[in-house]
Amino acid sequence: MEVLSFVCAALLCTVLVHGKPTVRKERVINKDPELSRKAYEDNNSFQYDHDAFLGKEEAKTFDQLSPEESKDKLGKIVDRIDSNVDGYITTAELKSWIKRVQKRYVYENVAKVWTDYDLNKDNQISWEEYKQATYGYYLANPEEFDESTDQFSFKKMLPRDERRFKTADLNRDLAADREEFTSFLHPEEFDHMRDTVVLETLEDIDKNGDGHVDEDEYITDMFAHEDGGPEPDWVKTEREQFSDFRDLNKDGKMDMEEIRHWIMPQDYDHAQAEARHLVYESDQDKDEMLTKEEILENWNMFVGSQATNYGEDLTKNHDEL
């Protein structure tokens with residue numbers, strides 16, 4: 001989900017490197033695939049599995065392939081996952097692969113934007129360079145943002161980005177090397193940045209500024225009553241989730257630690273859970289390992305297209321690329 005909505009995004013994209021400050025798009029970092037089963041059924045897709053198994057960018061490329069092409073590429077991936085070349089894919093091998101994919105996605109993402117921010121090409125990104133690249137137009141032309149949502153957003157996000165940058169800057173020189181900048185852009189992947197993620201989540205949802213998240217703020221973060229109609233059933237379920245599982249001390253609101261428990265469940269390994277999920281769903285002979293044949297038989301879970309009607313038009317369009 002988007003944390004903030006920018007009214008003048010089209011204008012800003014023409015004058016800023018990326019058009020907006022760093023924002024978080026999802027709340028729960030360690031998301032249990034079993035909790036997403038209902039979403040699979042509703043959307044007739046396995047996109048969460050695809051993103052975990054392939055990485056978000058690679059998953060997009062697979063969406064453009066025919067079933068035959070997907071299976072062929074998947075077979076080659078399976079050979080790489082089978083680290084001991086015994087013909088079986090274990091949960092441990094799948095877990096290792098998923099962790100590798102996630103790490104690759106994070107560092108590739110940073111590599112794509114590095115040159116945009118490293119303005120003086122010294123292989124470091126100073127806070128001033130980042131501020132200029134992201135907020136330069138706003139800082140130079142504040143009058144264009146008077147009384148606008150963007151002015152409020154940029155005013156809020158600039159000090160927040162500075163705080164996050166300084167937390168990522170472990171040697172306190174106000175310049176980020178590759179690793180520090182990676183932790184700045186992807187704080188959820190680094191232990192020393194976890195407090196920052198929790199604090200930013202609280203700030204995003206806490207609309208009345210009392211330092212807590214009540215039930216209405218929690219729901220508003222996910223759902224807006226645009227037409228004034230009744231709440232969908234899933235919203236009612238989320239209200240129950242808030243009462244039963246989010247508000248641990250039953251005081252009607254979430255504090256920092258309760259938010260941490262929500263978005264960063266303790267003793268939960270995302271890669272391990274996803275690996276177990278994939279094995280469970282594809283293990284036809286129930287030996288707790290997967291053969292290449294079992295994986296290819298269930299190829300749609302691992303790499304299949306999101307398209308619900310994979311017809312001649314899609315295949316034709318791919319052939320023309």
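Start by selecting Asp-206 and Gly-209: the side chain of Asp-206 reaches the backbone nitrogen of Gly-209 at 3.1 Å. That is a polar contact, a pair of N or O atoms within 3.5 Å; within protein, one must be able to donate a hydrogen and the other to accept it, and residues adjacent in sequence count only if both atoms are side-chain atoms. You are looking at a predicted model, where local features need pLDDT of at least 70, side-chain atom pairs count only at pLDDT 80 or more, and totals for chains, interfaces and linings use all residues. Residues are numbered from 1 along each chain as its sequence is written, and side-chain values use heavy atoms, with hydrogens and water left out.

Stay with Asp-206 and show the loop around this residue, between helix H10 (194–205) and strand S3 (213–214). Helices (H or I, at least four residues) and strands (E, at least two) are DSSP runs, numbered from the N terminus.

Is Asp-206 buried or exposed? Asp-206 is buried, which means under 20% relative accessible area (1.4 Å probe, protein chains only).

Now move to helix H9 (residues 178–185) and colour its buried residues: Glu-180, Phe-181, Thr-182, Ser-183 and Phe-184. At the N-terminal end of H9, select Asp-177, the cap, whose side-chain oxygen lies 3.2 Å from the backbone nitrogen of Glu-179.

Finally, zoom out to the protein chain, with its 17 helices and four strands. Of its 321 residues, 43% count as buried.

Methods:
Buried < 20%, exposed > 50% of the residue type's maximum accessible area, 1.4 Å probe, protein only. Lys, Arg positive; Asp, Glu negative; His and termini not counted. Salt bridge = Lys/Arg side-chain N within 4 Å of Asp/Glu carboxyl O.
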